[in-house]
Amino acid sequence: MALIATDETTAARAWSVDEMRARVVRYDELVPCLNAFIDTRTPGSETKENFTIIGPGVSENPDQHVPIAEPHGYNIGGARQPPHCVNSQHSHETAEVFVVFSGTWTFNIGERGEDVRVEAGPGAVASIPTGMFRGFTNVGDEPGFLWVVLGGDDPGHVKWAPYVFDMARDYGLILLEDGSLVDTTIGQRAPAGARPMPRTTAEEVARMRIPSQAEVEAVVVPPDGFGALPQGPLRGRGVDERAVIGPANPDEGLAAGPLDWPHGFHLRRVTLAAGASTGAHVRLEPEVVFVQSGAVTLCWEGGALDLGPGDTLTTPVGLARDYMSADGAVLFVVRGGDRPAAPIPV
């Protein structure tokens, strides 16, 4: 396998196994933050774990562990919750996409999460549009994990439903105007001159959209819904790539996925049959791979790395890579930009 230069600003180089290992975040090595957000003391939400995996994320706790801070144009995070644990109602300024790794979840829409609800299980993908309050609850009997993609290097601040501010105050948490969190129960105090984040007003709530049940169901792709989606350029030899998120992309000869409004990234589902290989190829944009099930081996000129369920990998731009699976695997792949370049075979 030969390494090539992809353009005048991105020249491929040799990557050691140690360097590539540092670009993998293992599921069993995730470091949770137990007080990442203003709602983490609210009864029913106090047992959730939040994760930043790639990028600065939107945590309100500056001490949250960030294993890979390199900008990608999007952020990767996660939420792990025991049964019946609730993530409170909020909205984001950029895209928020969920891949259900484990557990059974409801996505709850509206100021108090009571207007519309839709259920999703392992392998489903959901993209909740901006401009509406959303929360999510693990309604299953086992702990569950959501792998999350947020648009932009800076996704902005979370806007919380008004009741979240009220409950946070009752449990000693104060959200400041700059988006940082003060926990008075452990002796923290707001810096001199710092002002609290204004409580979300009734006028702001009124501007949030309440979609229909059908609209919300349409932004969730169930596990059995991928087979009819447009095929991507990785196909054949036991490899099947399906477009899930992103507009049509002429550069790849790709029709739009079902969640086709611009997100700032594309998301694909890639299935590898037993013994399959994508073949060596180069990508010109940041590419993040999440292993939904099975096992996959990343091969490049400098070595190979094995990845298992729940692991996240960011592959360097310009690196000739080949994804192989001995026994079969299902991957979700994020590629930066609304119009990623076609893969370059090597």
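**Cavity lining and nonpolar cores**

By class, 11 nonpolar, 11 polar and two charged residues make up the lining of the largest cavity in this predicted model. The volume of this largest cavity is about 280 Å³, and the count of cavities of 30 Å³ or more comes to one. Its lining consists of 24 residues, of which Phe-37, Asn-50, Val-58, Glu-96 and Leu-150 are the closest to the centre.

At least two residues each are supplied by strand E2 (49–54), strand E3 (74–81), strand E4 (86–91), strand E5 (96–102) and strand E10. The contribution of E3, five residues, is the most given to the lining of the largest cavity.

The packing of nonpolar side chains was also examined. The largest nonpolar core comprises 67 residues, and the members that touch the most others are Phe-107, Val-125, Trp-147, Val-149 and Leu-267. Strand E10 (residues 144–151) provides the largest share of this core, with six residues. A further core of 21 residues lies apart from the largest one and includes Met-20, Val-289, Leu-307 and Tyr-323.

For Val-125, contacts were listed with neighbours within four places in sequence left aside. On this basis Val-125 is in contact with Val-97, Phe-98 and Val-99, with Val-219, Val-220 and Val-221, and with Phe-226, Val-244, Ile-245, Leu-267 and Phe-332. One of these partners, Leu-267, is also among the core members that touch the most others.

Conventions. Residues numbered from 1 in each chain as written. Predicted model: local features only at pLDDT ≥ 70, side-chain atom pairs only at ≥ 80, totals over all residues. Heavy atoms only, no water. Core = buried A, V, L, I, M, F, W, Y, C linked by side-chain atoms within 4.5 Å. Buried < 20%, exposed > 50% of the residue type's maximum accessible area, 1.4 Å probe, protein only. Helix = DSSP H or I, 4+ residues; strand = E, 2+ residues; numbered from the N terminus. Contact = heavy atoms within 4.5 Å. 1 Å grid on protein atoms, 1.4 Å probe; cavity = no way out; pocket = protein on both sides within 12 Å on 5 of 7 lines; lining within 4 Å. Points joined across faces, edges and corners; volume = space filled by probe spheres on them. Nonpolar A, V, L, I, M, F, W, Y, C, P; charged D, E, K, R; others polar.
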